[in-house]
Amino acid sequence: MIQLLFTVLAAEAAVAATLLFKTPVRKLAVLALDRLKRGRGPVMVRTVAATVLVVLASSLHSMAQIRGRAEGELDGAGVVGLTPTDQVLLARHLLEASLMGYSLFLALIIDRLHNYVKDIRRLKKNLEAVSKQNKTMLEAATHGKSEKSERDQKDISDAKMDT
């Protein structure tokens, strides 16, 4: 299970890093996440996340039981301690719990980064459309002013010729 969690964590870290930096792979990652968020994808992701959360809670409960068992035992010197077996089990549960927690956290980060990247793309498109519209309006206004100033200049020159 630990190897699987390390693999999942490495894959999630790679996706998060891909979304952070603007590279050609980022567009593919966004498309893959878009497809994942369609249809049954969100239900499947929530189910897997809930399962991981339950296993995380079970691991935390096991760690609490080991700690509680260790606090009830006294060794020959009157000091509370963990047996070597309990130490190994506690370390294993701690590693599993931390990997599952990091995995859930990275899944949340990936979701937020995906939304931010899509929002940035949408805002850039809107900004380009508005700036293009503004540019055409300025050109039309400038072109209208130049025609008007040319007519005014012509009227002034005609008036000077008449006098």
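Asp111 is partly exposed, with 26% relative accessible area. In this predicted model, Asp111 pairs with Arg112 in a salt bridge whose closest N and O atoms are 3.6 Å apart. Let's follow that pair into a network, and then look at the rest of the protein.

**Salt bridges**
- Arg112, the partner of Asp111, is partly exposed too, at 37% relative accessible area.
- Lys37 joins Asp111 and Arg112 in a network of salt bridges.
- The count of salt bridges comes to six.
- One of these links Arg69 with Asp86, and here the closest N and O atoms lie 2.9 Å apart. This pair ties together distant parts of the chain, as Arg69 sits in helix α3 and Asp86 in helix α4, 17 residues apart.
- Are the two partners buried or exposed? Asp86 has a relative accessible area of 7%, so Asp86 is buried, while Arg69 has 40% and therefore counts as partly exposed.
- Another bridge joins Arg122 and Asp119, with 3.6 Å between the closest N and O atoms. Both residues belong to helix α4, and because they are three residues apart, about one helical turn separates them.
- Arg122 counts as partly exposed at 44% relative accessibility, and Asp119 is partly exposed at 32%.

**Overall build**
- The protein has four helices and zero strands, so you can read its elements from the N terminus as α-α-α-α.
- Of its 163 residues, 20% count as buried.

**Surface patches**
- Which residues gather in a patch of positive charge on the surface? They are Lys22, Lys27, Arg121, Lys124 and Lys125.
- Helix α4, which covers residues 84–162, gives the most to this positive patch, with three residues.
- Lys22 is found in the loop between α1 (2–20) and α2 (24–36). With 68% relative accessibility, Lys22 counts as exposed, because the cut-off for exposed is over 50%.
- A nonpolar patch on the surface is formed by Leu36, Met44, Val45 and Val48, which together have about 340 Å² of accessible area.
- Helix α3 (residues 41–72) gives the most to the nonpolar patch, with three residues.
- Val45 is found in helix α3, and at 42% relative accessibility Val45 counts as partly exposed.

- An unreviewed UniProt entry lists residues 40–60 as "transmembrane region".
- In the model, the chain over residues 40–60 is 95% helix and 0% strand, and its end C-alpha atoms are 30 Å apart.

How values were computed: Residues numbered from 1 in each chain as written. Predicted model: local features only at pLDDT ≥ 70, side-chain atom pairs only at ≥ 80, totals over all residues. Heavy atoms only, no water. Patch = residues over 30% accessible without salt bridge, like charges linked within 9 Å, V, L, I, M, F, W, Y side chains within 5 Å. Areas by Shrake-Rupley, 256 points an atom, 1.4 Å probe, with all protein chains shown as cover. Salt bridge = Lys/Arg side-chain N within 4 Å of Asp/Glu carboxyl O. Lys, Arg positive; Asp, Glu negative; His and termini not counted. Charge placed at Lys NZ, Arg CZ, Asp CG, Glu CD. Helix = DSSP H or I, 4+ residues; strand = E, 2+ residues; numbered from the N terminus. Buried < 20%, exposed > 50% of the residue type's maximum accessible area, 1.4 Å probe, protein only. UniProt positions renumbered as here; feature names shortened; annotations may be inferred.
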